[in-house]
Amino acid sequence: MMKLFIIFLSMLFTINVLAEGKQSGKRTYTTKKIVNTAPTIDGRLSESVWLEAEKSGDFIQFQPQSGAAPTEQTEFAILYDDNNIYVGIWAHDSEASSISKRMTRRDNIEGDLVGVDFDSYHDLRTSFGFWVSASGVKLDRIMSDNGSNEDDTWDPIWFVKTHIGENGWTAEMRIPFSQLRFEKDSEQAWGMNILRLLFRNEEVSLWSPIPKDASGFVHLYGELFGIKGIEARKQYDVTPYTVASTERYEAEEGNPFATGTDYNYTVGLDAKIGVTNNMILDLSVNPDFGQVEADPSQVNLTAYETFFEEKRPFFIEGRSILSLPLMIGEGDLANENLFYTRRIGRRPHGYPSLAGNEYTSMPLFTKILGAAKLSGKTENGWSIGVLETVTRPEKAEIDLDGERRYETIEPLTNFFIGTVQKDLNEGNTLIGGLVTSTHRMLDETPLDYLHSSAYTGGLDFTQFFKDRTYMISAKTFISQVNGSTEALTRTQSSSTHYFQRPDASHLELDSTRTSLMGHGGSVMVGKIGNSPLNFGMFFNWKSPGIELNDVGFIRNTDQLLPIMWGSYQFLEPFSIFRSLRINSSLWSAWDFSGTHMGVGSNFGTNMQFINFWSLSMGVNVQPSSLSTAMLRGGPSFMVPGSIRPYVTIRTDGRKKLVFSLTGMTPVVFDGHSQTKVANLNITYRPIDNLSITLSPNVMFDKSELQYISETSFEGESRYIFGAIDQKVLGMSLRLNLNITPEFTIQYWGQPFFATGSYSDFKMTTNPVADNYSDRFHVFTDGQIEHFRDEEYCLIDENQDDTPDYSIGYPDFNFKEFKSNLVARWEFRPGSIIYLVWSQGRSGYDSYGDFQFNRDFGDLYEESPNNVFLIKFSYRFGL
């Protein structure tokens, strides 16, 4: 495979590498300055300033029929004054009664919509988008990397109204110049495009046409001229907030911390300050995220950490620039990154040491004292992003008969993330880098098992060829962590590294180590973009010592991974298809000793039919492979191969009632496991401003080899497994009521049940034996004695009538309910009132079977934990 990689790389360099120059023949629009009174933003476009403005139209269809005339015509006009740019759009419609007026929350836009994208940097790579639906809901986004990345978490302050009439609908926008970023020129020249979505036909039309097979979007925008004599406006927005909350729960007799009622009050400040017109400083002092929805419930029986999506607004907005992913594609490995925002404000690492009659009160999450984020572009074209965050030391308060003591469970910590990027050669050459640092104040704390400091750094290079059709990219990254010998021993033996593996001759667990360094990187070459045929090769490496998990995310290391992939898509509708895409990939893996770990392949297809239903299906094929995590630090285990087919079908998303169903039934060789997974999603929209979504999901899994524990016998390690019968049932209900675009009510609730019943306890014998049954030994009746009531069993391995070791029964029955009700009113732009009610219930039992009536009843009888919260924020625009 490495030979193929080198051959492919050589072939790519034979391609003509001279990038094409600026696009010729672009559409242009020249705006004019408002002489007298600016228009009132009411959505009607009936004032004389609009009626006399120069209109432009002649939109071209982008999808489904690229280059065709649109079903309905669209026109627009643009005006400006000293402080704002105004956009008026006339969306003509011969079937005005069919205009879709779905009302949603901001950025979750549905229905008919129009929008404008400004490349105000005029770098042919970055644009700022302002879109609105026919019902008046905003969507704003930043598009970067010439359309490769879209960030809809950006929420600028702008004003828009819409109006629906007999001949269509209109949108009127006022966008302050302070919300845009541009150079200080006497006359501005911006890239620009106007978009319209005709929802009933799923038809997109553009003012400046873009071919479907174009490699990128922003460089193909039309151009806006005529803005003269405006001064760059710096943004100054200060938003203080206050939060009051009460928590109600069942009181615990004798526990002074569990009285049944807690009260909390806090204040804080958020700010956006324009350092220059192109550089924005975001500040957050004592941030609060009480309105953020809880993470969904799950049970993790693997060796690896669970990855959680970010939901906190401060860390979501603009996160694409503070990112350096290690991998490509989707799946678990795609989450690996030098920066993982959930590390900041995480659950405390420590837990206090308690005597039997002591009680404790401790925070669930680490408090963020303050955060500052600087982002933007310098005058010479460098994109910059910097994030500086400090989290406070957290202490557990411990009570013993009225005497109080405190124990630190999380140290004072500083996180720094910085990134720069420069585009050259009209965006055909990109260079960039990202660095992170983590510093913990561990003095006089019992937390010596944490790293005292951690540093990572990465470089990124991308070169496009032939009008961005072909590309080569390379990135490399390094890390260093420092700490006590205990901390570094813990790192080396973690699931990310497993240096203690007895069969890993190239690794050594050094218990005297106080620092650890590592490196990694990737190289990719290929044909990319929206052309029918795309293909490429990707090679990734992660040395055994690379460690990112202080402020980044990495699952495993010691890996060399080449991947080949290809895809073909039909750009225009044909036969019964509106769209059709086929893709395939092949990968192989080695460790740094040269041991071949395994191969795998994937084939998939995604299609949408002319009736607007869609279907996705595929199969992953994985022959037998070596797993370094199966024995949790023991020798590698030969895992049986599998074939994993999957399918998802979705009905017409334009309808009031929409279904989607996903199913997966893997076939694992040698009878190793049997799994069935099904996820159903039902969305019903009885009226335009209400949607109801019900999402049940089930998983049934029977596996012969579920890791339980490690013990020893006669000086040798014993890795204990059991067969598991696991059942998982969950169901989420989501209600969205959008009374106006500014006033919304949202409810989310999820009951969750997970059970696991173990049997057929066994120990590994020869984990890489050719014969599957020779890899382990099932304890016989003469070797194992069960004590179910006491939840353990005794093992007499040598059958000398003397127990050699014991195994605790790991059967479990976990049930949980989470819910969140949020009323949100943006009573003026950037000023918001939240009313929140959150409830949680949970229970745990040691029986491993699942009975719906019993378990649901048990969950209902668990005492609830209720939190009632009000948050008030007021924006001052200076």
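Is Asp423 buried or exposed? Select Asp423 and check: at 15% relative accessibility, this residue counts as buried. Keep in mind as you click around that the model is predicted.

The side chains of Arg125 and Asp423 meet in a salt bridge, 3.9 Å from N to O. Color by sequence position here, since the pair links distant parts of the chain: Arg125 sits in the loop between β6 (113–119) and β7 (127–133), while Asp423 belongs to strand β23 (residues 412–424), 298 residues apart. Arg125 is buried too, with a relative accessible area of 3%.

Now widen the selection to Asp123, Asp145 and Lys377. Together with Arg125 and Asp423, these residues are linked in a network of salt bridges.

Next stop: Glu72 and Arg200. They form a salt bridge whose closest N and O atoms are 3.4 Å apart. Glu72 lies in the loop between β3 (60–63) and β4 (74–80), and Arg200 in the loop between β12 (190–198) and β13 (203–206), so this pair ties together parts that are 128 residues apart in sequence.

For the last stop, jump to Lys727 and Asp725. Their side chains meet in a salt bridge at 3.3 Å, N to O. Keep the surface on: Lys727 is partly exposed, with 27% relative accessibility, and Asp725 is partly exposed at 25%.

Technical notes
Residues numbered from 1 in each chain as written. Predicted model: local features only at pLDDT ≥ 70, side-chain atom pairs only at ≥ 80, totals over all residues. Heavy atoms only, no water. Salt bridge = Lys/Arg side-chain N within 4 Å of Asp/Glu carboxyl O. Helix = DSSP H or I, 4+ residues; strand = E, 2+ residues; numbered from the N terminus. Buried < 20%, exposed > 50% of the residue type's maximum accessible area, 1.4 Å probe, protein only.
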